[in-house]
Amino acid sequence: MAGSTPPHYTPLSKPTAGGGAAAAYLRKPKLYSLAIVTVLCSFFYLIGVWQHGGAAATSPSTTTNLGATLPCFTTHNTTTKKLDFATHHSASDGGGAANLPSSAVKTYPPCSATYSEYTPCEDQKRSLKFPRDKLIYRERHCPEKKELLKCRVPAPHGYKNPFKWPASRDLVWYANVPHKELTVEKAVQNWIRFEGDRFRFPGGGTMFPNGAGAYIDDIGKLINLKDGSIRTAIDTGCGVASWGAYLLSRNILPMSFAPRDTHEAQVQFALERGVPALIGVIASKRLPYPSRAFDMAHCSRCLIPWGQNDGAYLIEVDRVLRPGGYWILSGPPIRWNKYWKGWERSKEDLNEEQTQIEDVAKGLCWKKLIEKDDIAIWQKPLNHLNCNKLKKITKNPPLCSVPNPDNAWYTKLETCLTPLPEVSRSEEVAGGELEKWPKRLNAIPPRISKGTIKGVTPETFEQDLKLWNRRVSYYKTVNNQFGQAGRYRNILDMNAFLGGFAANLIEDPLWVMNVVPVEAKVNTLGVIYERGLIGTYQSWCEAMSTYPRTYDLIHADSVFTLYKDRCEMEDIMLEMDRILRPEGSVIIRDDVDTLVKVKRIADGMNWDSQIVDHEDGPLEREKLLFAVKLYWTSPVSAD
């Protein structure tokens, strides 16, 4: 482990034990031996210089290659300056013209300002090529390899570092998300207000005009939100994510999603507020989460046709809902007999919609707990013992025969009920009972204790806990901003495994999006959710379903080794640059040879970067690259 001094400069060798006695011995007058040694050393030195054409002829590139191929050599030197991880809010405009890397490194120019909000897999022009049926055109449709951008997506002119949490929950700079459409469209619903150079979010919503806090209090009167049994929640059709924003103060971690649609930048607003969110839609594919992930699911006038398409969308909610979890619905058609005129729909139409929802819920063996005022709540059963008996009588929907309910990357939606793990008693929780939060974080997750994750044992989990405690402590000695509350809010872990990195940041005012790559050897995302953390599936050969400038810090453990020969390193790096905020930080762990290549690309993207030794010392082949994306924006518009 490192001490208090950042480990930027490491000696090439360690002091020899017993060095004091050796020094005393060498001080004895043995002049004859010393003279012979001196003559021989000089002789061989002169021969070496003659053979290699002089020491001065050694090129910098040769030195770099030696450092890259010999793991016992340090990969940095004492002349390297320390990185500046602090934010400064502004710098000269114009695409990062300052401090450009040398011509020997391939450079990546700024993209046009028109790409400042570019989301490659949810590009609105590309989406028009796909069917509108079931909102398929709103799903992920990524560019082909020949269409990939080889430039850096710019921040809009005037971009500022976001407000620190918790102020960011209520305030966003206008320059960062220059869209006023929602301030007009949702003016009467108290979503968002424009005030000079910023937006204010009063916490209102379509179905909670008195604020999200009061609305959550109403839910809390119907189910227990305080005892730690509800930790993870999914908000479908989240708007600007005020429900999720106000859940965070109750130690409930939300995952909010909404499509990139006519409500311009709603997910972007959520992310600028410091709330976990992704661009997404329930359409023809499964949501990118494992089965039994969330303790609570929520829809507040999300306009999803829950009863249509054979109940496929509600069936998908059932897949990702934990046994005993809750589904909360407010807005149409709930309380239609009061609101039908305001909703501009007939009583018959709304009554039919609610009947469809009730029928699908019954087919899923859910129990309707309560419908009070504007809120209705259903509960998923703890297991399928009784449900299996029911399915012998009625097969609507039938039980799925798909072997792995955790497969959820471009996986087709099924109109069948995902079976829960088998139990022997009616009161037993299928898949295993979870500890209440916060004990849940470090308890052995049921998926591990029951042996359902190949190669991952309770011992593996315990070792991972200790490993990441040590690694995160080391990170904080290198990046002096990492331990400062408020410097980083939105964090991405590109290869999370068991979520150890995120678990060791749980006391800080931040959240981590834990990604389990679909190419990983084992699917561990279910374990991450069982720990009370959140995450998503992702292939890093494609762009992430999020806006530019989403994350304050990106962590990548062995990502480039994982994707070697799968896709281009520069494309992964450019995607990291797209989703990283100006003055955001990066930590990359990988083999030293790989990191040397990564650093050359980082230099070409105008990142300030430095390779440092592994926490166990310079003899480890694995090294770490710490980097900062320098501040730059689009030039001022000619308009």
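Tutor: Start with a cut-off: a residue is buried when its relative accessible area is under 20%, exposed when it is over 50%, and partly exposed in between. This is a predicted model. Cys121 has a relative accessible area of 1%, so Cys121 is buried.

Student: Is Cys142 buried or partly exposed?

Tutor: Cys142 counts as partly exposed, because its relative accessibility is 22%.

Student: What do Cys121 and Cys142 form?

Tutor: A disulfide is a covalent bond between the sulfur atoms of two cysteines. Cys121 and Cys142 form a disulfide, with their sulfur atoms 2.0 Å apart. The torsion about this S-S bond is about 110°, so the disulfide of Cys121 and Cys142 is right-handed. The pair links distant parts of the chain, 21 residues apart: Cys121 is in the loop between α3 and α4, and Cys142 in the loop between α4 and β1.

Student: How many disulfides does a search of the whole structure find?

Tutor: The search finds 6 disulfides. Counting bonded cysteines along the chain, the pattern is 1-4, 2-3, 5-6, 7-8, 9-10, 11-12.

Student: Which cysteine forms a disulfide with Cys365?

Tutor: Cys387 does, and the sulfur atoms are 1.9 Å apart. Cys365 counts as buried because its relative accessibility is 17%. Cys387 is also buried, with a relative accessible area of 4%.

Conventions
Residues numbered from 1 in each chain as written. Predicted model: local features only at pLDDT ≥ 70, side-chain atom pairs only at ≥ 80, totals over all residues. Heavy atoms only, no water. Disulfide = S-S within 2.5 Å. Helix = DSSP H or I, 4+ residues; strand = E, 2+ residues; numbered from the N terminus. Buried < 20%, exposed > 50% of the residue type's maximum accessible area, 1.4 Å probe, protein only.
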